[in-house]
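Here are my notes on this one, in the order I'd go through them at the screen. Have the viewer open as you read.

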Amino acid sequence: MMNKPQRFLTGITTTGTPHLGNYVGSIRPSVAASKGVGAESFYFLADYHALIKCGEPERIQRSTLEIAASWLAAGLDPERVTFYRQSDIPEIPELTWLLTCVTGKGVLNRAHAYKASVDKNEAAGNDPDADVTAGLFMYPVLMGADILMFKAHKVPVGRDQIQHIEMTRDMAKGFNHLYGDHLVLPEALIEESVALLPGLDGRKMSKSYDNTIPLFSSRTELKKLIAGIVTDSREPGQAKQVEGSALFQIYQAFASEPETTALRQAYVDGIAWGDAKNLLFERIDQDIAPMREHYQALINDPAKIETLLLAGADKARAFATPLMRELRVAVGLRKLAAPASAQTKQKTVKTVLPTFKQYRDADGQFYFKLLASDGRLLLQSLGFVAPREAALAIASLQQRGDEALTALAGQLQAVDGVSSEEVAAALQQWAEASA
Ligand code: TRP
């Protein structure tokens, strides 16, 4: 097989103004990655996702402009990268629906963000779904469509998003199992070396803690904010500790190794906090100042950004439109005149694997069985009312092996003379083949 380039894709929710934490944790590494050879990058403004959290139209629009300007000012090259706005791609909500139909409601019940809202309601003695929108509930499916639409291999995200990527893999597996091999299973890419940047108060820099330093504040504003970073009460001349020093950690995120070593020594030597803050201010400004002008110019020319984003959407739709056409045919949303056989893509079956056979019995219910590669019966299901349920059960056995065996125990029947180890081993083969 040819070595295809790795495709990276990530989305940025358009609800706020980018801060230094976003820059260090996401913008800077993503822009750098997009310059690597063999990388194919898709970066987009997740404005449909923003609607889930924010009901202020002006803020969505302003944030979209600020985030786009920030990424461009930070060096993102829209010629090399496919940079677009989610809501310019109508195929994404369309794919969202197809995926909705292969996603278990129970799976979405377990999504962290939704569960956190429910838990909070329950703790307060409210109705579990009080103030919970279906948008929040569906968040992972929309995100799955973002990723699967472009057959992304690697998705750089924060740790809190890992569960969404796992769900996306399951959606792809479920879809492929029912309709053939159309979607690519993505992997989360967690940037381990990027520690979370602390904010003004020492906690993680985050809008929700109101402790951020905007990426493109003016020099004066930047200086003022940095002066407000928490320190301890050690006097000038007294040795200071780098452990737990927010100031030191922020400095480290911008400085070179020798610069960091020098500040470490200055701490030991008792640098005054005021001087350390000045050092930090100048170091950050050295990186940001050249981008600041570019940022202002972009913010003042929204029409230019609009044009860039629309060009990005054209590039993105060159992938999305044909894939969506293929998926529509796959699921049966077809022209009535052409024969079904001419429109479907054959599923590829690996003959060496044990096989699942799905069938309908005389009682009208849907069943499946697992046969060893030599044809022996290994596992027999009980009846399912709908074929889709049987198919989803098969998919979860193929993907999660043992774990699914336990979860589906009530739907399965052991076969005389076949040990559970033998069944587990057969499922293991499947898990490996689909990994
Ligand atoms: N949910 C992501 C976040 O909050 C944003 C996002 C939306 C995303 N769609 C995506 C990230 C697709 C990666 C891929 O950070």
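1. Start with the make-up of the ligand shell. Keep in mind that this is a predicted model. The residues around the ligand split into six nonpolar, five polar and one charged. If you want to select them, the list is L9, T10, G11, T13, A46, H49, M143, D146, I147, V155, V157 and Q161. Two elements, β1 (6-13) and α7 (134-148), each give two or more residues to that shell. The largest share belongs to β1, with four residues.

2. Next, the overall layout. The protein chain is divided into three domains: domain 1 covers 6-195 + 301-328, domain 2 covers 216-298, and domain 3 covers 355-434. Between the C-alpha centres of domain 2 and domain 3 there are 60 Å.

3. Now the sheet. Four strands form an open sheet in the order β6-β7-β8-β9, and the pairing is antiparallel. The edge positions go to β6 and β9 (412-413); each has a single partner strand, so one side of each has no neighbour in the sheet.

4. A closer look at the pairings. Strands β6 (residues 355-360) and β7 (residues 366-371) run antiparallel and are joined by six bridges. Opposite R360 you'll find F366 of β7. Five residues sit between the strands of this hairpin, and G364 takes a positive phi there, near 85°. At the other end of the strand order, two bridges join β8 (residues 377-381) to β9, again antiparallel. Q380 has Q413 in β9 as its bridge partner.

5. There is also a helix to look at here. Helix α15 (residues 387-400) lies across β6, β7 and β8, and runs at about 25° to β7.

6. Two backbone angles deserve a check. Most residues other than glycine have a negative phi. D131, which isn't a glycine, has a positive phi near 60°. You'll find D131 in the loop between α6 (112-123) and α7. K151 is also a non-glycine residue with a positive phi, near 50°, and its place is in the loop between α7 and β4 (154-156).

7. Are those two residues buried or exposed? D131 has 10 other C-beta atoms within 10 Å, so D131 counts as exposed, the cut-off for that being 12 or fewer. K151 has 18 within 10 Å and is therefore partly exposed, as 20 or more would be needed to call a residue buried.

Conventions
Residues are numbered from 1 along each chain as its sequence is written. This is a predicted model: local features need pLDDT of at least 70, side-chain atom pairs count only at pLDDT 80 or more; totals for chains, interfaces and linings use all residues. A residue is near a molecule or strand if its C-beta atom, placed from the backbone, lies within 6 Å of it. Ala, Val, Leu, Ile, Met, Phe, Trp, Tyr, Cys and Pro count as nonpolar, Asp, Glu, Lys and Arg as charged, and the others, Gly among them, as polar. Two strands pair if DSSP finds at least two bridges between them. Domain bounds come from an automatic or database domain assignment. Two residues are in contact if their C-beta atoms, placed from the backbone, lie within 7 Å. Axes are lines fitted to C-alpha atoms, for helices over the stretch in contact, and angles run from 0 to 180 degrees between N-to-C directions.
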